[in-house]
Amino acid sequence: MLNRATPLLNPAITVLVIAMAGCILFMLQPGTRLIDSPLTEDGYYSLSVARNLAMGKGLTIDGTQWTNGFQPLWVFLTAPIYLLYGADRIEPLRLVLLLATLIWLATSHVLGKIAADFKPATNAEARRRAYWV
């Protein structure tokens, strides 16, 4: 599909492939390293609430005290992942990262479509380049 008329696409696709490879390699690292940054930052709180929700403890970070200081959409999207794994604290993180990567890809696609829509409809090559950039 790529030809010499689209030299800008090759670097854009290369960057996309490298970014995806980085996401996949991050998901596959050992569990002891997986619980390090960046998941130990703000994500720890939301993922703890999602885990406790899946375990039937409700909206709590520590299993006892109720909380409301979390990102509800992310918690409700990730709670089913924790439901699949039960009490395991490490393995669900791989699926959580996969979900985050899929959301990242979907967002990139939507932003690419928006960028392409700013180009004239008569110039398909410019639209395609705008999408990838």
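A crossing of two helices is called left-handed if the near helix is turned anticlockwise from the far one by less than a right angle, and right-handed if it is turned clockwise. The structure discussed here is a predicted model, in which local features need pLDDT of at least 70 and side-chain atom pairs count only at pLDDT 80 or more, while totals for chains, interfaces and linings use all residues. Residues are numbered from 1 along each chain as its sequence is written, and side-chain values use heavy atoms, with hydrogens and water left out.

The protein chain holds six helices and zero strands, where helices (H or I, at least four residues) and strands (E, at least two) are DSSP runs numbered from the N terminus. Read from the N terminus on, its elements therefore run α-α-α-α-α-α. Of the 133 residues in the chain, 28% are buried, a term that stands for under 20% relative accessible area, with exposed meaning over 50% and partly exposed lying in between (1.4 Å probe, protein chains only). Among contacts (heavy atoms within 4.5 Å) between residues at least 6 apart in sequence, 50% join residues at least 24 apart.

Helix α3 covers residues 42-54, and its 13 residues should span 18 Å at 1.5 Å a residue, which agrees with the 19 Å between its end C-alpha atoms; the expected span is 1.5 Å times one less than the number of residues. Its buried residues are Ser46, Leu47, Ser48, Val49, Ala50, Arg51, Asn52 and Ala54, and these pack against α4 (72-85) and α5 (91-117). Serine 46, which lies in α3, is buried with a relative accessible area of 2%. Not counting residues up to four places away in sequence, serine 46 touches Phe70, Gln71, Trp74 and Val75. Valine 75, with its neighbours within four places in sequence left aside, is in turn in contact with Ser46, Val49, Ala50, Leu53 and Phe70. After α3 comes glycine 56, whose phi is positive, near 85 degrees.

The packing of α4 with α5 can be described next. Their axes come within 9 Å and cross at roughly 145 degrees, where axes are lines fitted to C-alpha atoms, for helices over the stretch in contact, and angles run from 0 to 180 degrees between N-to-C directions. This crossing of α4 and α5 is right-handed. From α4, the residues Trp74, Leu77, Thr78, Ile81, Tyr82, Leu84 and Tyr85 meet Glu91, Pro92, Leu93, Leu95, Val96, Leu99, Ala100 and Ile103 in α5. The residues of this contact divide into 13 nonpolar, one polar and one charged, with Ala, Val, Leu, Ile, Met, Phe, Trp, Tyr, Cys and Pro counted as nonpolar, Asp, Glu, Lys and Arg as charged, and the others, Gly among them, as polar. Leucine 99, in α5, counts as partly exposed at 21% relative accessibility, and, not counting residues up to four places away in sequence, touches Trp74, Leu77, Thr78 and Ile81. Leucine 99 and isoleucine 81 are 18 residues apart in sequence, and their C-alpha atoms are 9.6 Å apart in space.

In soluble globular proteins, nonpolar side chains tend to be buried together. Leucine 93, which lies in α5, counts as buried at 6% relative accessibility, and its C-alpha atom is separated by 8.7 Å from that of leucine 47, 46 residues apart along the chain.

The 27 residues of α5 should span 39 Å at 1.5 Å a residue, and its end C-alpha atoms, 40 Å apart, agree with this. Helix α6 (residues 124-132) packs with α5 at an angle of about 145 degrees, with the axes 7 Å apart, and α5 passes α6 in a right-handed crossing. Here His109, Gly112, Lys113, Ala115, Ala116 and Asp117 in α5 meet Arg127, Ala130 and Tyr131 in α6, and the residues of this contact divide into four nonpolar, two polar and three charged. Tyrosine 131 of α6 is partly exposed, with a relative accessible area of 24%.
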